[in-house]
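Trainee: I would like to learn how to read an annotated site and a ligand shell. Can we work through one example?

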Amino acid sequence: MFNTVLRNTSRFANKQVLATAQRSYSIELKSIVEKQIPVKQAQIAELRKNHGEEVLSQCTVNMAYSGMRGIKGLITETSLLDAEEGIRFRGLTIPECQQQLPGAEEGGEPLPESMLWLLITGEVPTRDQVRGLTEDLHRRAESISPDVIKIIKNLPNDIHPMTQFSIGILALQKDSKFAQAYQDGVHKKEYWKTTYEDTLDCIARIPIVASLIYRKNFKDGNQIQADKSLDWAANFAHMMGYNKKEVYELFRLYLSIHTDHEGGNVSAHATHLVGSALSDPYLSLSAGMNGLAGPLHGLANQEVLRWLKEIQGKLGDKEVNKENLTTVIWDTLNAGRVVPGYGHAVLRKTDPRYTCQREFALKHMPNDPLFKLVSTLYEIVPGILTEQGKTKNPFPNVDAHSGCLLRHYGLVEEDFYTVMFGVSRGLGVLSSLLWDRALGQPIERPKSMTTEALVKQFAAKKN
Ligand code: AMX
């Protein structure tokens, strides 16, 4: 229905009316943020006045040597992760988001624009507000610099798509309004305004960057122009060359659920850290994407698909049953490798992002052979990882499922999967960066120690 509305709007509406609507909607989002900033600042001032010296979390020596796991030392407003329950985006679980956030049609998957609105404001948007945001993003995408297109087209195909994506985001950086405003001597209270502009410009343009990388690396190299009658996610699918209704829905779901996972994960933390030096949103996001490109983080979706294909290759004509799969999983573990798509630094239960993708598969592709393999693995991997006794969480994470969905619809190039993750993650980490600027978060600079210093510290205590 949303598409039809959009199509009808773009086909029949008087251009001037549409332009006015675009202006008013985009200003509405910005003015909501503007109103929220003093309220949040006052809330924080009150909290710090009353509890500023209270201990939030301790840091043991083990924690310092274990990737700072469990240390509460970051403020991220957009989402919160519970080890048992999974992610809440501004207080809403994934099923709640699926129910409450406007989709393209009644009962459909949420539109990432709805999620973006929620992440930025903490409010569920109206259908009209989402439509306005979609139009605003289309307008911002139009002014992507031709130089960016040229740079991407000239990148050699043997550079990994994630590296190309990071380069593409850096190429967009020359249009940073924050960087320009800083050079012009903007007052620090105004930082958030140009960060807002960069955030929306960047989110509008990264699907062009990503789809161009896809078309160049894996298809005929021709850029497919945007279809402004489509929402942000469907248009991304369209620019990649996919135009089925089910693919649009998959993209909406995929690009909504990968947006944010509180602040401590590598991509969010890297974006926040780099942004804390007042590097602009493009520089910050590119840094986050370089972290997402690691196999223990976002690249795991690529690794899962490779591993599934490896399993299929090993089994050959043998039946896909629990016994055969058990042998293959132990082979992976005994080779000193991780089972990709399983385990998590915070979660201790099946990732709800896995569950909602499984539900999508059950609804749309229950007989897909790869989905059946993924499902059988879900039945046995947790038991095997528990038996091995190393991982704190033997259950699947988001990456265990996403590849098999994409592959079903013909998106078989697994090297590209993390780029899709990255396009989505941009929404969450840039929304957070916007709030970092709005709240005047300072440069991040935790204290580090040397082992020698620690040894001395404890020797001194003993004496
Ligand atoms: N397969 C095999 N071993 C695993 C494992 C897995 N899936 N998950 C954890 N382990 C091992 C660890 O490598 C570690 O072994 P070590 O003691 O020899 O170093 C031990 O179990 C304890 O690890 P942990 O405390 O449970 O996990 P962690 O917080 O250190 O790491 C994570 C979390 C995600 C990196 C890890 O579970 C992993 O490597 N999983 C596979 C890769 C993956 O799916 N990554 C994607 C995560 C989600 C995302 O960010 N997109």
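Trainee: Which residues is His344 in contact with, leaving aside its neighbours within four places in sequence?
Mentor: Contact means heavy atoms within 4.5 Å. In this predicted model, His344 meets Leu81, His261, Arg353, Asn393 and Asn397. A polar atom of the His344 side chain also lies 2.9 Å from the backbone nitrogen of Val346.

Trainee: Where is His344 found?
Mentor: His344 sits in the loop between α16 (322-334) and α17 (352-364).

Trainee: Why does His344 count as partly exposed, and not buried?
Mentor: Buried means under 20% relative accessible area, and exposed means over 50%. His344 has 23% relative accessibility, so it counts as partly exposed. Asp399, in helix α19 (residues 399-408), counts as buried because its value is 5%.

Trainee: What does Asp399 touch, not counting residues up to four places away in sequence?
Mentor: Its partners are His297, Gly298, Ala300, Asn301, Val304, Gly341 and Phe421.

Trainee: Where does UniProt place the feature "active site"?
Mentor: The unreviewed UniProt entry places it at His297, His344 and Asp399. They spread over 103 residues of sequence, yet cluster in space, with a largest C-alpha distance of 10.8 Å.

Trainee: Which residues come nearest to the ligand?
Mentor: Of the 20 residues around the ligand, they are His297, Gly341, Tyr342, Lys392 and Asp399. The shell divides into 10 nonpolar, six polar and four charged residues.

Trainee: How many Å separate a backbone N or O atom of Lys392 from an oxygen atom of the ligand?
Mentor: The distance is 2.7 Å. For a backbone N or O atom of Gly341 and a ligand oxygen, it is 2.8 Å. Taken alone, the ligand exposes 880 Å², and the protein buries 76% of that.

Terms used. Residues are numbered from 1 along each chain as its sequence is written. This is a predicted model: local features need pLDDT of at least 70, side-chain atom pairs count only at pLDDT 80 or more; totals for chains, interfaces and linings use all residues. Side-chain values use heavy atoms; hydrogens and water are left out. A residue is near a molecule or strand if one of its heavy atoms lies within 4 Å of it. A polar contact is a pair of N or O atoms within 3.5 Å; within protein, one must be able to donate a hydrogen and the other to accept it, and residues adjacent in sequence count only if both atoms are side-chain atoms. Accessible areas come from the Shrake-Rupley method with a 1.4 Å probe; for residues, only the protein chains shown count as cover. Ala, Val, Leu, Ile, Met, Phe, Trp, Tyr, Cys and Pro count as nonpolar, Asp, Glu, Lys and Arg as charged, and the others, Gly among them, as polar. UniProt positions are given in the numbering used here, feature names are shortened, and annotations may be inferred rather than shown by experiment. Helices (H or I, at least four residues) and strands (E, at least two) are DSSP runs, numbered from the N terminus. Buried means under 20% relative accessible area, exposed over 50%, partly exposed in between (1.4 Å probe, protein chains only).
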